[in-house]
Amino acid sequence: MTAIPSYLYYIEARWRKVFEANDYGKIDRIIWYDQEGVIVTGNGRRVRALRYADGLEVWQLAATSGTNSNEETISKSCQVIKNRFDPGTIHILNDDLLWSVSSYGEMLWSIELPTKPTLKSLFLFSTSQYVIVTSLDSNSNKLQVTYYSKQNGAQAFSSSIPWSFNAKDSQSKCSTMNNIILCANNAELSMITIPTTIDDTNINTRQIQFSNPIEQIRVLYESNTRSIVSIKTDNAETKVYQFNKKDSTNEWSYHELNIQIKSNAFYSVVSDKNSGGQQILEGSASQQKLNFYLSTISEQTLTNTRSYSIELPENMGDIEYLSYSNVKHTQFVTLRMQDASLLVIKLADNGAELILHRDEALSSIISVEAFDLSLSSGQMRIEDEFGGTEMFSMFVRRISSQISQLTSFVMRLMNMFTNAHANREYMDKQAALVRDEFNLNKILIVVTSVGKVFGILTQSGGILWKHYFTDFAPFEHFNTLQVPLFHIRSAAHYTHPPLASIVYRDRNSLYETHVRTFNPYTGDFEESLSTSSLPHRIKRVFLSTQIVNDFCKVLLFVDANNKIHTYPTVPLSRALSTTTPTYIYLFDKAEQAFIGYYLTINENEQESSTGLKEVWRVAFQNEQVINIYTRLSSDRVHSAGIVLGDRSVLYKYTNPNLIAVVTEGIDYQKVPFVSIYLLDTVTGSLKLSHTHKRVKSPVHVVLAENWIVYTYYNQRYRRYEAVSSSLFEGEAQYNYSSFSSFDPIEPVIQSKAYILPYGVNAIQVTTTEKGITSRDIIMAVPNGMLIEIPWMLFDPRRPFDLTSMDREEGLIMYTPDIMVNFESVINYYKQVYNIRGIHTVSTGLESTSVVFAYGLDMFFTRVFPSRLFDQLKDDFDFMFIGWSTVAFVVGSFIAKRYAAIHQTKKAWK
Amino acid sequence: MMFEQKNLIVGFIVLIVQFYAISTLDDGNDGFVSLNFEDNIDGKFSSFSKINIQLSRQTETELTPSRTISSGQFDRLVDFRSDYPYYTLKVHFKRGAIQDYVMTSIPMCLVLQTQFQYTVTLYVNENGYVVSAQTNTGNSTCSLPHLSEIEKKSEYNYKVSMRFQLNEIGPQPDTQRFLEKLKRQQEAKLNAQEADNRPFILKYWKYIVPVVIIMVLQSAFTQDAGGPGAGGGNGGG
């Protein structure tokens with residue numbers, strides 16, 4: 001199946017269509033007609049036609065099948081073919097359903113196939129009269145060939161042949177072409193010809209021998225009379241075969257084409273309308289260069305070979321998909337590269353030209369981190385201005401620093417004038433050099449699941465740098481992909497640039513781990529802090545609490561034997577604090593248990609590795625942990641309590657060691673449930689445990705300060721709900737100066753549930769520098785909106801009946817549903833779809849938090865949860881205040897003069 | 001005949017209820033769980049109490065210890081200068097065919113300070129399996145000098161009380177109560193309107209009295225001032 005992402009682009013993105021975020025939006029196949037494309041999605045359950053000109057969905061059909069109830073059992077295989085003799089008819093086969101659709105949107109017929117656990121539908125063929133389904137009967141090891149009438153789907157005939165492959169091998173090692181099944185059986189290629197008429201019952205099997213085992217069979221071209229197939233063997237040799245149908249028989253003859261093959265080459269074959277023959281395009285990537293050879297196939301050799309080559313702007317890895325098309329004498333090559341780049345290259349007489357390059361990798365972001373820009377030298381030296389002890393030295397310091405400030409100001413002005421017409425890229429580069437006044441502009445480092453890392457400037461959204469790691473593979477973390485991304489050195493150390501590290505697995509050997517450290521401003525590698533192979537299998541990675549060498553933190557790895565290692569190697573007593581104990585937790589997937597460890601550090605020990613001692617264990621029997629959530633590292637708690645209406649204080653239970661654990665299970669009455677736990681990672685005790693019955697994931701969780709907000713889908717009422725819980729110590733605080741998980745505090749929990757007006761794709765809470773500003777919840781919803789909802793609306797203390805005390809405290813009366821005001825949609829009409837995560841960062845202004853939402857689309861903005869209380873408004877009347885100041889100064893001078901005259905006159909009297 | 005039929009139905013219902021009760025007892029939430037408590041005071045885990053108990057929210061029971069801590073052991077623990085100064089409690093549980101264990105730790109010093117008197121909370125999940133344990137001695141700080149002041153005994157007894165904490169059913173949006181409140185408010189409004197069944201005069205006297213006064217005054221003025229007014233008019237002409 002073509003792995004085009006779930007949307008289509010016209011070459012200049014004139015329109016786009018976003019399909020469903022779930023399985024129904026997953027494209028199985030696209031059949032290209034002249035005016036429209038017919039797209040089969042959702043494992044052959046939905047078919048729709050999009051018009052090329054305007055992206056209009058002309059029609060849509062959904063398979064009507066009774067098997068929706070057991071969705072779990074639907075296997076992910078589906079076959080879609082265009083009828084060879086009637087191109088306007090499309091046949092679709094998924095496991096238990098065969099249906100035919102016409103290209104103008106009519107469902108011709110649909111039949112349910114017999115479902116048996118031993119019977120598996122494999123291949124689909126079409127003739128002018130029949131639709132042929134072959135299915136594997138694993139009981140008798142036979143391939144059943146069933147003929148259905150093309151007109152009405154009635155079963156006409158059935159036969160069976162012996163079959164030596166199992167179901168999995170049949171899917172991975174076999175391909176179909178016209179009415180032939182090609183199967184790789186070690187070093188032998190079997191060709192099984194399926195008869196196309198009932199009269200001919202002779203199933204013909206032939207073999208082609210190869211010297212090496214076959215790795216891959218790829219059908220490059222097929223028509224009613226000719227097919228071209230490439231066969232790759234495991235010694236990286238590729239052979240191309242041409243199959244020709246013998247006239248008036250069902251027989252096919254074949255011969256090998258005489259082609260010099262490159263090991264990593266891709267082929268695309270189209271029929272040449274002028275000559276009636278076929279053209280073959282060979283494409284291969286070497287470093288940053290693409291080479292193409294375009295030839296005409298004549299009998300067994302290639303003629304008219306022309307070669308093209310093009311230098312790519314960056315390293316994009318190998319080719320993953322290549323398609324050649326010849327539209328009105330213009331030759332286009334469309335490629336998808338390993339780094340998910342989409343390329344369109346035009347081949348002309350004067351060479352190849354890159355006409356489109358899109359970084360589709362940006363739709364698969366998995367890790368995000370924001371970096372502050374560094375201070376300018378002027379900003380750094382501001383402290384120096386007031387140093388010195390003697391009068392003279394103080395004077396010299398002050399004058400020299402002010403002169404340097406003046407020169408840098410003049411330089412900046414000059415720069416602004418001389419580069420007034422400079423392009424955005426240049427402006428971005430300039431802006432990326434220094435921090436702005438309120439630290440609003442940041443650099444976002446995003447890591448994508450294909451292994452491409454981008455540095456994005458938030459001010460403009462411009463990409464400052466990008467790098468593709470060819471050996472990249474992400475880690476798995478509770479059914480999601482994850483790449484640990486760390487701040488190794490922050491921007492606070494002037495003269496030392498900040499550093500970021502990513503840790504990933506090797507694409508080929510999954511137990512090999514790579515560490516790459518780079519400067520987030522430029523993407524330049526710090527080779528001394530990068531390694532391609534750590535000598536141990538790692539279970540978990542985290543960052544040291546102490547700064548070690550050159551203001552850098554080090555990475556700590558837990559290996560498979562529960563030993564701690566540091567990278568770069570330093571004694572553990574330097575990497576971790578020796579005064580506060582360190583606890584680590586790991587998750588055992590097989591036993592569904594969290595295990596907590598205590599890390600012993602000996603101050604005199606010079607070793608860089610040490611063992612862990614098990615201190616707690618939390619086991620989830622008959623439950624499956626689906627995800628865990630932690631507090632944001634930037635989460636700040638400004639006040640220890642809430643002042644109530646009667647002026648007493650309700651103290652918050654702000655335990656920094658809590659994590660939220662979400663589990664799924666089925667209870668003894670066979671009712672599905674979702675449980676949410678707050679787990680203390682020092683003692684292994686639970687602070688909150690809620691079970692919701694008849695509730696379905698996805699569960700989204702936000703954990704901050706002393707509260708948790710989570711959302712889920714309620715199957716019983718068919719709606720999305722949110723639950724908000726706050727933990728309090730009570731009217732008295734156990735220890736006002738510090739918190740310990742061993743404190744004997746039983747937190748008081750207050751909870752309320754609310755009905756949400758929309759589904760939820762992702763939620764996050766705003767972060768500010770000191771945590772004084774009130775919190776807002778940012779929620780991404782399926783219809784493309786990002787909604788900012790004040791946490792006050794989720795407050796579990798919202799009372800049913802509002803008393804004067806509650807009013808004094810500023811509580812809002814409880815209503816079961818959360819009303820969303822359309823003014824709180826922070827992206828207005830710039831809809832963003834399939835959002836998978838939201839990242840919030842604090843800025844230099846306490847009132848302002850910045851929000852970055854990513855998924856299929858990306859969106860970045862600033863939000864002000866308590867309005868702009870520390871900044872003048874945009875419409876502030878500077879002219880008025882300026883003129884009135886001037887007027888007052890002038891007025892006071894005039895008044896002074898008049899007063900003097902008056903005084904003089906008075907004295908003369 | 002009738003009577004017999006009724007009896008039969010009642011018997012049938014009783015049977016169903018009984019069957020239901022048995023079935024809920026069988027695999028229901030209130031089954032028995034066997035627990036085995038171990039701790040690490042000897043450097044390795046060894047059992048100090050076993051119990052077979054019914055899961056219930058109200059359970060709060062004292063564990064009966066199967067062994068005591070000798071003064072020698074106690075003194076050794078006080079002198080414990082190891083890099084692992086934790087008292088670890090390991091709780092093995094078995095319910096039906098499933099058995100597993102949970103663990104928790106607190107600083108050893110806290111347990112010594114209270115002379116092995118603490119409470120254990122076992123968190124139990126929806127299906128009745130123990131998820132996690134927590135020990136609580138009622139204090140979070142201790143100092144070694146304090147420990148030496150503890151009165152010497154020849155042996156120290158465990159005094160451990162245990163309780164279960166069952167998973168709470170998560171909150172639901174309280175639409176029922178909200179709607180009831182709205183209904184109450186509406187009713188209160190209606191009642192306020194209905195209650196006002198005073199006679200028409202009593203209800204609207206505020207509006208009637210000024211109108212009457214104005215009318216009375218007007219009529220009085222027209223009678224009194226009719227002459228001069230008319231006279232003025234004449235004068236003008």
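Which residues of chain A does UniProt list for "domain: ER membrane protein complex subunit 1 C-terminal"? In this predicted model, the unreviewed UniProt entry gives residues 704-908 of chain A for that domain.

From here we can turn to the place where the two chains meet. The size of an interface is often given as the accessible area lost when the parts come together. For chain B and chain A that buried area is about 4200 Å², of which 51% is on carbon and sulfur atoms, and the contact involves 47 residues of chain B and 52 residues of chain A.

Several kinds of interaction can be followed across this interface. The rule finds 24 residue pairs in polar contact, both residues being at pLDDT 80 or more, and the elements of chain B that give two or more residues to its side are strands S5 (86-95), S6 (98-107), S8 (130-136) and S11 (168-169) together with helix H5 (175-195). The largest share of that side, 10 residues, comes from S6(B), and by class the side of chain B that touches chain A has 19 nonpolar, 18 polar and 10 charged residues. The rule also finds three salt bridges across the interface; B:Asp100 forms a salt bridge with A:Arg617, where the closest N and O atoms are 2.6 Å apart.

Finally, some details of the backbone of chain A deserve a careful look. Most residues other than glycine have a negative phi, and most peptide bonds are trans. A cis peptide bond, however, joins A:Tyr567 and A:Pro568, with omega about -10°, and A:Pro568 lies in the loop between strand S41 (563-567) and helix H5 (572-575) of chain A. The peptide bond from A:Ser697 to A:Pro698 is cis as well, with omega near 10°, but A:Pro698 is found in strand S51 (residues 695-704) of chain A. A:Gln287, which is not a glycine, has a positive phi of about 55°, and A:Gln287 lies in the loop between strand S22 (278-286) and strand S23 (289-298) of chain A.

Definitions and conventions:
Residues are numbered from 1 along each chain as its sequence is written. Chains are lettered from A and ligands numbered from 1 in the order in which they are written. This is a predicted model: local features need pLDDT of at least 70, side-chain atom pairs count only at pLDDT 80 or more; totals for chains, interfaces and linings use all residues. Side-chain values use heavy atoms; hydrogens and water are left out. Contact means heavy atoms within 4.5 Å. Buried area is the accessible area (1.4 Å probe) that two parts lose on being put together, summed over both. A salt bridge is a side-chain nitrogen of Lys or Arg within 4 Å of a carboxyl oxygen of Asp or Glu. A polar contact is a pair of N or O atoms within 3.5 Å; within protein, one must be able to donate a hydrogen and the other to accept it, and residues adjacent in sequence count only if both atoms are side-chain atoms. Helices (H or I, at least four residues) and strands (E, at least two) are DSSP runs, numbered from the N terminus. Ala, Val, Leu, Ile, Met, Phe, Trp, Tyr, Cys and Pro count as nonpolar, Asp, Glu, Lys and Arg as charged, and the others, Gly among them, as polar. UniProt positions are given in the numbering used here, feature names are shortened, and annotations may be inferred rather than shown by experiment.
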